[in-house]
Amino acid sequence: MEVRIGSRPVLVLSGLDTIRQALVKQGEDFMGRPDLYSFRFVTDGQSLSFSPDSGEVWKARRKLAQSALKSFSVAPSPNSSCSCLLEEHVSQEAEYLVSKFLQVMEQEKRFDLNQYLVVSVANVICAMCFGKRYEHDDQELLSLVNMGNEFGEVAGGGHPADFIPVLRYLPSRTMELFKDINRRFNAFVQKIVQEHYSSFDKEHIRDITDSLIGHCQEKSAGEDGHVQLSDEKIIHIVNDLFGAGFDTVATALSWSLMYVALYPDVQRKIQEELDQTIGRERRPRLSDRGKLPYTEAFILEMFRHSSFVPFTIPHSTTKATVLNGYYIPKDTCVFINQWQVNHDENLWKDPSAFRPERFLTPSGAEVSRTEGEKVLSFGLGRRRCLGEAIGRWEIFLFLTTLLQQLHFSLRPGEPVDITPQYGLTMKYKKCEAFQIQPRFPAKSSP
Ligand code: HEM
């Protein structure tokens, strides 16, 4: 079970029961993050998700990030009929995508829809973090999206120095590239944060950045008032939320649209459900969650089948521990293999088949909770994804809004290769064969 690469012990955990057992112990033993990636960051590992610290400071940072994220997603939307800010931002972007897709289709007859998806999703997280939506051809936004792609490629590739620390002192092009991306990304966030500082008004908190500056100025961390966070550490929280919040959601949507195009019957069933439950007169809302079991089963099957986040961010044992009778030393780097769980033949009948029905109760009227909980996509335990709820809501709303109005297909006769390309998030090869038809004449949104 234990492998040693260079001077570091590394462990890959597979098997849902083993992982769940580790989770029970994770509270104390598996909670940390290894310092292995930290040194790669120009931020010296001060960001939340790469923090090796599992103590009071980390807890305070996570709590702060969670509360800021919550405030600027579920808070009521003052300027629209939407139930909350997240619903307002996603609905706006999804409507934009509907008209953009139709316009590009008219001109090109077939196209790669991912370049538009990623910009829309990035705009949602920009709105929450920085209170600002960009035009889709804005150079600042496009270079940000590009940086996200570069980051995924370089970070996902791994580096020998992760395992043999002394190699970090040797010159490396990958490392320079990695540092450069982080420097550019930090500079971008830094600039926005400075603008926020200069117009900050504690009586009028505009977005996540303002909310964090507010905490920073109070020099307290929510209820854990005794934990003080420096300005710099607070800024890294914005980096983390922003960095983690768009590539993941965009990749989930990209796989979703690929699956509906590949499986027209599945697409038809989702659209029938949307027509019956929501109709065509109004747009989907977050409050429709729970009323669309087939659509929700589809989203679960998309997560399971694609397993596009194959491993969690590495964990680390914070003390020596025993799992399944094996001794695991302190500071062992632990990878959790989500892909294996989602394709385990002991858990799933015919795991390579794409079948949303597997998540429905026999009557088809509900999603089976037990089956749903077997899918691993957001990690587990106290360091599981902090944006899980937001991510799931975004995917639901984007997808239902798009599928209510548009029919997705692939140009017949064109080869499509959906073999996942390895990276931080796995994507299929660039596909320019998407075709789109409106399902009914456009009506103005309520
Ligand atoms: C489909 C969407 C998403 C997927 C599949 C996903 C997946 C993950 C995974 C696998 C982890 C590592 C968990 C672990 O190590 O056990 C993670 C961590 C994290 N995610 Fe997500 N994520 C998604 C969306 C988001 C969003 C929208 C945000 C923020 C707006 C976010 C913020 C974070 C943060 C901050 C962490 C680090 C947590 C920590 O270290 O304490 N994620 N995510």
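Trainee: At what angle do helix 9 and helix 10 pack, and how far apart are their axes?

Mentor: Good place to start. Two packed helices are described by the angle between their axes and the distance between the axes. Here, helix 9 and helix 10 (residues 293-306) have axes 8 Å apart and pack at an angle of about 140 degrees. Axes are lines fitted to C-alpha atoms, for helices over the stretch in contact, and angles run from 0 to 180 degrees between N-to-C directions. Helices (H or I, at least four residues) and strands (E, at least two) are DSSP runs, numbered from the N terminus. Before we go on, note that this is a predicted model, in which local features need pLDDT of at least 70, side-chain atom pairs count only at pLDDT 80 or more, and totals for chains, interfaces and linings use all residues. Residues are numbered from 1 along each chain as its sequence is written.

Trainee: What is the name for the way helix 9 and helix 10 lie to each other?

Mentor: They are oblique to each other. Angles under 35 degrees count as roughly parallel, over 145 as roughly antiparallel, 65 to 115 as roughly perpendicular and the rest as oblique.

Trainee: Which residues make that contact?

Mentor: Two residues are in contact if their C-beta atoms, placed from the backbone, lie within 7 Å. Helix 9 brings V266, K269, I270 and E273, while helix 10 brings Y294, T295 and F298. Sorted by class, this contact of helix 9 with helix 10 has four nonpolar, one polar and two charged residues. For the classes, Ala, Val, Leu, Ile, Met, Phe, Trp, Tyr, Cys and Pro count as nonpolar, Asp, Glu, Lys and Arg as charged, and the others, Gly among them, as polar.

Trainee: At what angle do the axes of helix 9 and helix 13 cross?

Mentor: Roughly 90 degrees, and the axes of helix 9 (residues 264-277) and helix 13 come within 9 Å. That makes helix 9 roughly perpendicular to helix 13. I270, Q271 and L274 of helix 9 meet T400, L403 and Q404 of helix 13. These residues divide into three nonpolar, three polar and no charged.

Trainee: Which helix gives the most to the shell around the ligand?

Mentor: Helix 8 does, with seven residues. A residue is near a molecule if its C-beta atom, placed from the backbone, lies within 6 Å of it. Helix 2 (56-74), helix 8 (231-262) and helix 13 (388-405) each supply at least two residues of the shell. Of the 27 residues around the ligand, G245, G379, C385, G387 and G391 come nearest. The shell has 14 nonpolar, nine polar and four charged residues.

Trainee: Where is C385 placed?

Mentor: C385 sits in the loop between helix 12 (369-372) and helix 13. An unreviewed UniProt entry places the feature "binding site" at C385; such annotations may be inferred rather than shown by experiment. Leaving aside residues up to four places away in sequence, C385 touches F378 and G379.

Trainee: What percentage of the chain is buried?

Mentor: Buried residues make up 40% of the 446 residues in the chain.

Methods:
Buried ≥ 20, exposed ≤ 12 C-beta atoms within 10 Å, placed from the backbone.
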